[in-house]
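Subject: Structure for your files

Dear colleague,

Here is the structure you will be working with.

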Amino acid sequence: MSEPLIDEVSEGRAIAGALLEDRWAALLDPDHFMVVDMREAASKISTLVSRGDEVTPYTVAQEMGKPEMEPTLEGLSGRYGSLSAKAAIKQLGDLHTRRDLLHLCEHAYNDAADPSKPVAGIVTKLEGGVLSLVADGGSGSAKDGSNFSRSQEDFQWRIDNPGKIRGIPTGFSRLDAMLDGLKGGKSYLIGARPGIGKSALAKDITQFQLLGGKRVLTFTLEMDALECQNRMLASVSGIPIGGGRVYTPEEVAKVESTAQRLSRVDWEIDDTAGLTVNEFRARARAAYRKEAIDLIVVDYIQLMRGSEERSRKD
């Protein structure tokens, strides 16, 4: 593998940013630094911040036990003083993520070259590593709690759109009022005792989305695709399907016309039994790449298996 990515300029910018705008100093991670002095300076800045002490070139150099570092730190502040501290620290974090990604790919390459290692295990390990990187350095990172611009924009939207919700509606007005609709990127869990109607509620929400022109992907680990379709057909037509029922001509006509209507909805059903978490994730991504999905439904999640055959109680 080539030498790890080292960028002394990015490290200097991050240190300068923390010195000039100490409110961002808490975001510094010493592990993101490759240059020894810069890593030590970042560690001491974190120590000063945790104690509530002033962060200056002088205090950092004293904390390091290296008074001779003060001119160097002063020089960084002067050289990069016009740059955004937050942007500099984020750029360094991105560089660290790139290094981790290179190491991850190196391990995957070595594993793939070993015929004794199963492909499924290699893929699971690689995907887990990538997801860990996303969780550590992706959109879930810390936000500036003092910046209310997004909140102001959201409030302005509500002023301009009275009576509307931000997410997609469920078909249940009281539920929409509590949730503000179903919002992209969020997960919603329907929980209750057995037999209360969890699957029925999920079906009703799915039905509302489909009839409203939305694209829905359903993972059904308990029923097969035909059962899901029959439930939907019965719900929309108002006529029960199955059970040895004898149908009148009017009911037959109603079911057939409803089936024609439902044949135009955008509904994909995956009824694979014993689906693992990684398989679910991969199939959902593949379906989304084919065409954007408005809603993904899993019924029910307790039947999904862990990637390494762990018990769902784990």
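The lining of the second largest cavity divides into five nonpolar residues, two polar and one charged (nonpolar means Ala, Val, Leu, Ile, Met, Phe, Trp, Tyr, Cys and Pro; charged means Asp, Glu, Lys and Arg; the others, Gly among them, are polar). Those residues are Leu-27, Leu-28, Asp-29, His-32, Phe-33, Ile-89, Leu-92 and Gly-93, and the space inside is about 30 Å³. This is a predicted model, in which local features need pLDDT of at least 70 and side-chain atom pairs count only at pLDDT 80 or more, while totals for chains, interfaces and linings use all residues. Residues are numbered from 1 along each chain as its sequence is written, and side-chain values use heavy atoms, with hydrogens and water left out.

On a 1 Å grid over the protein atoms alone, a cavity is a set of points where a 1.4 Å probe fits but cannot get out; a pocket is an open set with protein on both sides within 12 Å along at least five of seven lines; lining residues have an atom within 4 Å of a point. Points are joined across faces, edges and corners, and a volume is the space filled by probe spheres set on them. By this rule there are two cavities of 30 Å³ or more.

The largest cavity has a volume of about 130 Å³. Of its 13 lining residues, Ser-199, Lys-203, Thr-218, Met-223 and Cys-228 lie nearest the centre. At least two residues each come from α9, β1 (215-220), α10 (225-237) and β3, with α9 giving the largest share, four (helices are DSSP runs of H or I, at least four residues, and strands of E, at least two, numbered from the N terminus).

The largest pocket has a volume of about 1600 Å³. Its lining has 43 residues, and Ser-187, Tyr-188, Ile-296, Val-297 and Val-298 lie nearest its centre. Two or more lining residues come from each of α8 (173-179), α9 (198-211), α12 (277-290) and β3 (295-299). By class, the pocket lining holds 24 nonpolar, 10 polar and nine charged residues.

As for the helix pair, Pro-57, Tyr-58, Val-60 and Ala-61 in α3 meet Glu-70, Leu-73, Glu-74 and Ser-77 in α4 (contact means heavy atoms within 4.5 Å). Five of these residues are nonpolar, one is polar and two are charged.

On confidence, the mean pLDDT (the predictor's confidence in each residue, from 0 to 100) is 84, and 90% of residues reach 70 or more. Residues 138-142 fall below 50 and have two contacts beyond near neighbours in sequence.

Regards
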